[in-house]
Each structure stands twice: as C-alpha cells, then as structure tokens.
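Subject: Handover of a model and notes on its fold

Dear colleague,

I am passing on the structure we spoke about, together with some notes on it. Please read the notes with the coordinates open beside them.

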Amino acid sequence: MSEDEYENKFKSIDAIRDILHWYGARKNFHIVLTDWDDDEQLMPETLAISPAHPEVENYRNITGAIESIIDWLDSGRDFDIALTPTDPFIVNLN
C-alpha cells in the first residue's frame, strides 16, 4: 500500500468518526467532498447537517457522504473531505 493510500485511509476514518461525533453532538456543519479524479465534477459536493433539518434529511446526507468516502477509498481515488462548522441560521437557509 502506498503512502497516499495510507493517508487516504486515515483521513477517511477520521472524517467518518468526526461526522458521527458532530452529528451526535447536534452541531450544525457542512460536509464538503471533493473528488479530484472526477473530470465532470467541477464543484465540491456540500452536504448540510443541522438539528433543525428533518432527521431523514440528515441521515440521507450522512449516509451519502460516508458511502462516497468508502467508495472513493476503495477505488484509490484522489479526494478531500472537510467538515466545516456553520452558523445555524446559514445552514438552515441551504
């Protein structure tokens, strides 16, 4: 396994752990997923998580983000994951 693959694995594990922790702590945040290997995706995918959103929307966003992370990790793609705390009012406008 190359150094980049190890880095992606640890980055992915940390991101999934943080996503679940922040959601459990009822924080408002964005999950920003950037797939550097996808020529068609010009903008990163941003998913909003907020206690003010319906639970089904938060679950769908969280499971979608985790699924993308695992798929990209398995494929060896070059990607970035960012969790960004947000103001509750701004999150609820998205």
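Predicted model: local features only at pLDDT ≥ 70, side-chain atom pairs only at ≥ 80, totals over all residues.

Residues are numbered from 1 along each chain as its sequence is written, and side-chain values use heavy atoms, with hydrogens and water left out.

Overall fold

The protein chain holds three helices and three strands, where helices (H or I, at least four residues) and strands (E, at least two) are DSSP runs numbered from the N terminus. Read from the N terminus, the elements follow the order α-β-β-α-β-α. Of the 94 residues in the protein chain, 35% count as buried; buried here means under 20% relative accessible area, exposed means over 50%, and partly exposed covers what lies in between, with a 1.4 Å probe and protein chains only. Taking the contacts (heavy atoms within 4.5 Å) with a separation of 6 or more, 66% of them are accounted for by residues 24 or more positions apart.

The sheet

The three strands form an open sheet in the order β2-β1-β3, and the pairing is antiparallel; two strands pair if DSSP finds at least two bridges between them. The edge strands are β2 (45-49) and β3 (79-85), each of which pairs on one side only. From one strand to the next the twist averages 15°; for this and the angles that follow, axes are lines fitted to C-alpha atoms, for helices over the stretch in contact, and angles run from 0 to 180 degrees between N-to-C directions. Strand β1 (residues 29-35) is joined to β2 by five bridges, and the two run antiparallel, with V32 standing opposite T46 in β2.

Two helices pack on this sheet, and each touches β1, β2 and β3. Helix α1 (residues 3-24) has a direction that makes about 25° with that of β3, while the direction of helix α2 (residues 55-75) makes about 140° with that of β2.

The helix pair

The axes of α1 and α2 come within 10 Å and cross at roughly 170°. That makes α1 roughly antiparallel to α2, given that angles under 35 degrees count as roughly parallel, over 145 as roughly antiparallel, 65 to 115 as roughly perpendicular and the rest as oblique. On the α1 side the contact includes N8, K9, I16 and Y23, and on the α2 side it includes E55, Y59, I66 and L73. By class, the contact of α1 with α2 has 11 nonpolar, three polar and two charged residues; Ala, Val, Leu, Ile, Met, Phe, Trp, Tyr, Cys and Pro count as nonpolar, Asp, Glu, Lys and Arg as charged, and the others, Gly among them, as polar.

Salt bridges

With a salt bridge defined as a side-chain nitrogen of Lys or Arg within 4 Å of a carboxyl oxygen of Asp or Glu, the count comes to four. One of them links R77 and D35, whose side chains meet at 2.9 Å, N to O. This pair connects distant parts of the chain, 42 residues apart, with R77 in the loop between α2 and β3 and D35 in strand β1. R77 is partly exposed at a relative accessible area of 24%, whereas D35 counts as buried at 5% relative accessibility.

Salt bridges that share partners also join D14, R17 and D18 into one network. In D14 and R17 the closest N and O atoms are 3.2 Å apart, and both residues lie in helix α1, three residues apart, about one turn of the helix. The side chains of R17 and D18 likewise meet in a salt bridge (3.2 Å, N to O). D14 is partly exposed at 35%, R17 is partly exposed at 49%, and D18 is partly exposed at 26%.

Two single residues

R26, in the loop between α1 and β1, has a positive phi of about 60° although it is not a glycine, and R26 counts as exposed at 52% relative accessibility. D4, placed in helix α1, is exposed at 55% relative accessibility; D4 and G76 are 72 residues apart in sequence, yet their C-alpha atoms are 8.9 Å apart in space.
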